[in-house]
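Work through the exercises below with the sequence and the 3D view side by side, and try each task before reading its solution.

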Amino acid sequence: MSFRTKVFLSITTTVVISVWIVASVVSTLVTNSFERQDMQRTAALISQFRSEFDRRGAEVARRVDAIANSDDVQRLAVNLGASKIDTAQFYDTAQALAREQSLNFLELAGPDGSIISSAEWPARFGYKESWLLQPVDWKAQGFFLQREELADGPALGLMTVRTVSAGDGLLYIAGGQRLDKAFLDSLPPAPGMNTRLVRDFDAPAPSDTPASKLAADLIQDVRERPRELSLTGSDVTLTAIPLLGRDNKLLAILMVENSRAELANLKTYIQGTAWIGGSAGVLLGLGFSLWAASRVTRPVLALASNVRDVAGGNWDSRARIDSTDEVGQLAQDFNRMTEQLVEQRDRMIQAERVAAWRELARRLAHELKNPLFPLQITVENLQRARQASPQQFDEVFRESTSTLLAELDNLKTIVGRFSDFARMPAPHLEPVDLNQMVQDVAKLFDAQMEGLDRPRIAKILQLDDNLPSVSADPEQLRRALRNLVLNALDAMPKGGTLTLRTQRLDGTPDPKIAIEVSDSGEGLTPEECARLFTPYYTTKQHGTGLGLAIVQSVVSDHKGTITVRSEPGKGATFRIELKA
Amino acid sequence: MRLRAWAWLALSSIWLTALTGTTRPRYGGALTVELSSASFMLDPVNTHGRLSPAIAETLVRVNARGAIEPRLALAWQHEPDNKRWRFSLRPKVSFHDGEPLTAVNAAPALLAALKKKYGDVTVTAGGQTLVVQFEHPMPDLLAELTHPETAIFHKGDANAVIGTGPFRVAAWEPGRRLALAAFEDYWGGRPFLDSIIISVGAGSVRADVFDIPFGATRRVVPEGFHIWTSAPNELIALLAANPQSTLLQALSLAIDRTPIVNVLAQRRGEAAFGILPQWLSGYAFLFQAAPDLARARQLISQLRLPSINLTYPANDSFARAVAERVALNARDAGITIQPTTNPGGSLTLVRWPLDSANAAEELTRLLGFLGASDRAASLDPAKPETLYEAERVLLDDHRVIPLVYLPAIYGLAPRVHNWEAAQKLDPFRLNLENLWVDQ
């Protein structure tokens, strides 16, 4: 992760977390404030409801009293008492009286509870209202809630019952007003709040919304244990107030619905603001990280570029020192370190050059010493033969000159090898079928591997059929392969197995091919492996130490690599990797 | 003695003069009529016949004894196969616009009226003779021609009805007001009244004649006014759209008709268990049955009960009260009925005005209304048992559940005379043309 990214992430994270914390705190405070306000509003609404309930109840009682004292009702009572009346003619009396007194419910019932006239359900005349006959002091009872059965279903009434003496019995006057939506609508409006009366507790929820489910749960709870109860949902707060009848039976539930939409809107606004703040934090972090990069990471990146240059071999690369801070000090140290490295490299090159010259001298001395000694002996033999036995000189001369010529050829060969190594030409690249080349090279050594004068060496070819052609100098590459095979054969004086393997390497960014030459000889020590490609280094008795150096030179000229892996006693494998 | 005799004679003359002064018809004066019922639409052509005889007359009519007598047709004869009828029109009859009544100008109205029911009818005219030809036998044509729908009239300016009756249309506000003026050239002689002004829905108690609809039993009747109640001439019944015998039987058993009569109709009606009232059929008492809730509940115990909509006429408070009472009785039996004014209910509360003193004809009309005209073929007016059987079958499949018979009730001002006699002429219609009033 770059320094710039770290700076960006740090600043952004800090700002976002800060904004989130502030938003959370504000949101919590707002929620608490709203809920407090909701509770107050709900309490006020319930208080208004109760107040209106009492006022209407008193009003109903007053109106029913007026009806009880009206001439029509008094006359009806007198006639009832005298048992000389056909009550049928009073069938629609209640409707007229209820209209006069603005009552929704009014029933006139005889001493046996039979309805003489009903305003709310005129067809019910003759039916009995047995609850009126209960031993109740209706005057003291005042008003009460009563569930009234109507033609179009049950209704809730704020009722009062009065009695008028009718002979030995009583004429019952039960009147009231509906407690319904109109009643609730008459309450002072409370913005954001809705009230409704739930009478049918088993009615299915009008919708499948969370608010409906919440209401259903609340109703169920209040039904089981009538009490004032509130439940808060995601978008609404519901408060249920049980409305009980004269016998404390639950008749209806006043449901106060307090919308949390305003709170939700405010929360959304806070979240929006937080998002904007967070986004601003991200932008701020981005800007600051860019600024910080220009101040901090640019010198560091320049220094990293210098490091890459030096690693790539540009020892002249130097860091620019623009400041005296830590980064400037770092650049200064880098420059000093580079200079020291250059000095050390030069010293090493010098040392290696001296060592190479010494090695060359040693090899030259070694190589030249072998032919020079026979030359010296031969010349001394000639001198002795001239002096000691002139008659035999001619024969000695002939033998000595042939020896001299042979040794001189030997010297010429040695000089030619060194000359060849020095004159390695640049490769002429052309498409090369490596599998074919490997097969050709292996075939060259068939006779040698199967020769009767030495232990047999088995040959194994493992060639990749999907090997692409490579761009290479076929002569140089063939020479390098020959050298490797020759080395491998030399490493197996007691016989063994020569394995030649080609392989397509697909796992690398650039397609490559690999050629491996493995022997099952004695193997090499790690030290030998390390020095194996050094010119003039050899582990053989008669090698020049140039074979593998030439191989490495060829591979290097083809932009390839050569490696060796070996362990003593387990053979050695040389691996060449070339670009396809 | 002679002086005393002369004095007695003088006093008797004065008394007789006074007496005859109140009973002898007087010409002149205007009769105001206030009607409340929606059935009186004040359309002279579409009034169920209750007003039209005063304006437009039929060829024949039914008299107080139930016999058919001449009206615009003086004589008639028919072929033995009852397919061809020939009517001789009354001479010297003119329409309200002065045009004389001839077969030519009577034929279009008659043909249009008969075509509504009989597609094979043709009417040809020649002089004062109308020939009515059917492709099928029409033995009851005379009874058919007593219906006001077959009255002879034509339309004048502003769509006004121009008939031959004793009164002509002087002004007409459809659905609200109809003013009739005496037709001086009426063939039967000028009517007593100069004019009749009929209005609907004004609620005035100052009218000379007003109807007292059921559902408004507490209407204030001015002092001195007389309440007149006709014989039951209207049947309130439930009609089932889809016969479901068991359910309807249970409903019929659940309905207690007595409170409907006693309370809703204020004892002015009769409980109906059959189609035709007792006075008309003579056998209606055979259908009487007491309500039986237990039996009703037993009948429906195995049924899967739908909620039933009971449609009753809008703006008819009595029908609404009856429908609600029926729903209440049904609820006691476990049947859910919802009264409504929306059409299309599986039950309909109908007010069926009886239109004829002929029981067979009335039953035929009802069977036709119910789409069971084929059953009418078995009816024989001379054999009441055929009527009873037809009615019993009709009741047994419970397509009709009779509830109550209602009379017509009118409030009459003291100055209105000849009411009883006028109504006897046609017990099913409001007969105003023969009334007269004190000035």
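The exercises that follow move from chain B as a whole to single residues and then to chain A.

This is a predicted model, in which local features need pLDDT of at least 70 and side-chain atom pairs count only at pLDDT 80 or more, while totals for chains, interfaces and linings use all residues. Residues are numbered from 1 along each chain as its sequence is written, and chains are lettered from A and ligands numbered from 1 in the order in which they are written.

**Exercise 1.** Describe the secondary structure and the burial of chain B.

Solution. Begin with the elements: chain B has 12 helices and 23 strands, where helices (H or I, at least four residues) and strands (E, at least two) are DSSP runs numbered from the N terminus. Then turn to burial, for which 41% of the 439 residues of chain B count as buried; a residue is buried if 20 or more other C-beta atoms, placed from the backbone, lie within 10 Å of its own, exposed if 12 or fewer, and partly exposed in between.

**Exercise 2.** Trace the open sheet of 7 strands in chain B.

Solution. The strands follow the order β10-β11-β12-β1-β13-β21-β14, with mixed pairing, and two strands pair if DSSP finds at least two bridges between them. At the edges stand β10 (167–173) and β14 (226–229) of chain B, each pairing on one side only. Inside the order, β13 (residues 209–211) and β21 (residues 409–412) of chain B pair in the antiparallel sense over 3 bridges, and B:Phe210 has B:Gly411 in β21(B) as its bridge partner.

**Exercise 3.** Is B:Thr229 buried, exposed or partly exposed, and which residues does B:Thr229 touch?

Solution. First locate B:Thr229, which lies in strand β14 of chain B. Next count its surroundings: B:Thr229 is partly exposed because 13 other C-beta atoms lie within 10 Å. Not counting residues up to four places away in sequence, B:Thr229 touches B:Arg268, B:Pro407 and B:Ile409, a contact being two C-beta atoms, placed from the backbone, within 7 Å. Finally, B:Thr229 and B:Ala408 are 179 residues apart in sequence, yet their C-alpha atoms are 5.7 Å apart in space.

**Exercise 4.** Which residues touch the most other members of the largest nonpolar core?

Solution. A nonpolar core is a set of buried Ala, Val, Leu, Ile, Met, Phe, Trp, Tyr and Cys residues joined through C-beta atoms within 7 Å. In the largest, which has 120 residues, the answer is A:Leu171, A:Ile173, B:Ala250, B:Val322, B:Leu403 and B:Val404. The largest share of this core, 10 residues, comes from α9(B). A second, separate core of 55 residues includes B:Ala56, B:Ala408, B:Leu435 and B:Val437.

**Exercise 5.** How many residues of each chain are in contact, and which helix of chain B gives the most to the side that touches chain A?

Solution. The contact joins 12 residues of chain B with 10 residues of chain A. On the chain B side, α6 (257–264) and α9 (317–333) each supply at least two residues, and α9(B) gives the most, with 5 residues.

**Exercise 6.** Where does A:Pro204 lie, and why is A:Pro204 classed as exposed?

Solution. A:Pro204 lies in the loop between β6 (193–198) and α6 (210–224) of chain A. A:Pro204 is exposed because 8 other C-beta atoms lie within 10 Å.
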